[in-house]
Amino acid sequence: MGRISPYSSPESELEIKIQSRQSDPHPVGGPRPRHHNQPPRPPLPPPPPPYQPFKKWFPWLVPNIVVVNIILFVIAMYINNCPDQSTKCIGTSTLGRFAFQSTKENPLLGPSAAT
């Protein structure tokens, strides 16, 4: 009767009680109890607006350069007037005065070197 079972341990019969300190926050995350001599906390400021690194804008430099290049190409093709200058033009029937010079003179499909 006074024997202790080999399968039981003295630790299993101990009861441990833990008390939290007054300065610890609430274990569930609730508000701390307020003392009567503390002033009320000021309200939190509103959250900042969402961060937008760039404002919407139109990229004007590159489109303007492209438009100026196209206009200058059309002017150069008008001045070139391939059907009057040469007999071997590409696209004379559809482009007329704006036809391209032959690839032997200009391999990049454009006006003549003199133009």
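**Close-up views of a predicted chain**

Leaving aside neighbours within four places in sequence, serine 102 is in contact (heavy atoms within 4.5 Å) with Lys88 and Ile90. The model is a predicted one, in which local features need pLDDT of at least 70, side-chain atom pairs count only at pLDDT 80 or more, and totals for chains, interfaces and linings use all residues. Residues are numbered from 1 along each chain as its sequence is written, and side-chain values use heavy atoms, with hydrogens and water left out.

**View 1. Serine 102 and its contacts.** Serine 102 lies in the segment after β2, where Lys88 and Ile90 are its contacts once neighbours within four places in sequence are set aside. Its relative accessible area is 15%, so serine 102 counts as buried; buried means under 20% relative accessible area, exposed over 50%, and partly exposed in between, with a 1.4 Å probe and protein chains only.

**View 2. The whole chain, for orientation.** The chain has three helices and two strands, arranged along the sequence in the pattern α-α-β-α-β; helices (H or I, at least four residues) and strands (E, at least two) are DSSP runs, numbered from the N terminus. Of the 115 residues of the chain, 10% count as buried, and the accessible surface comes to about 11500 Å², with 63% of it belonging to carbon and sulfur atoms. These areas come from the Shrake-Rupley method with a 1.4 Å probe, and for residues only the protein chains shown count as cover. Among contacts between residues at least 6 apart in sequence, 24% join residues at least 24 apart.

**View 3. Helix α1 and the annotated region.** Helix α1 holds 20 residues, 61–80, and at 1.5 Å a residue it should span 28 Å, which agrees with the 28 Å between its end C-alpha atoms; the expected span is 1.5 Å times one less than the number of residues. The UniProt record, an unreviewed entry, carries the annotation "transmembrane region" for residues 57–79, and such annotations may be inferred rather than shown by experiment. Over residues 57–79 the chain is 83% helix and 0% strand, with the end C-alpha atoms 37 Å apart.

**View 4. Asparagine 81, after α1.** Asparagine 81 follows α1 and is found in the loop between α1 and α2 (82–85). The phi of asparagine 81 is near 45 degrees, a positive value in a residue other than glycine. Most residues other than glycine have a negative phi. With a relative accessibility of 10%, asparagine 81 counts as buried.

**View 5. The disulfide of cysteine 82 and cysteine 89.** A search of the whole structure finds one disulfide, a term that stands for a pair of cysteine sulfur atoms within 2.5 Å. Cysteine 82 and cysteine 89 form this link, with their sulfur atoms 1.8 Å apart, and the link is left-handed, with -95 degrees about the S-S bond. Cysteine 82 is buried at 0% relative accessibility, and cysteine 89 is buried at 16%.

View 6. Serine 112 lies in the segment after β2 (100–101), and its side chain makes a polar contact with the side chain of asparagine 80 at 3.0 Å. A polar contact is a pair of N or O atoms within 3.5 Å; within protein, one must be able to donate a hydrogen and the other to accept it, and residues adjacent in sequence count only if both atoms are side-chain atoms. Not counting residues up to four places away in sequence, serine 112 touches Asn80, Gln101 and Glu105, and with a relative accessible area of 12% serine 112 is buried. Leucine 109, also placed in the segment after β2, has a positive phi near 55 degrees and counts as partly exposed at 39% relative accessibility.
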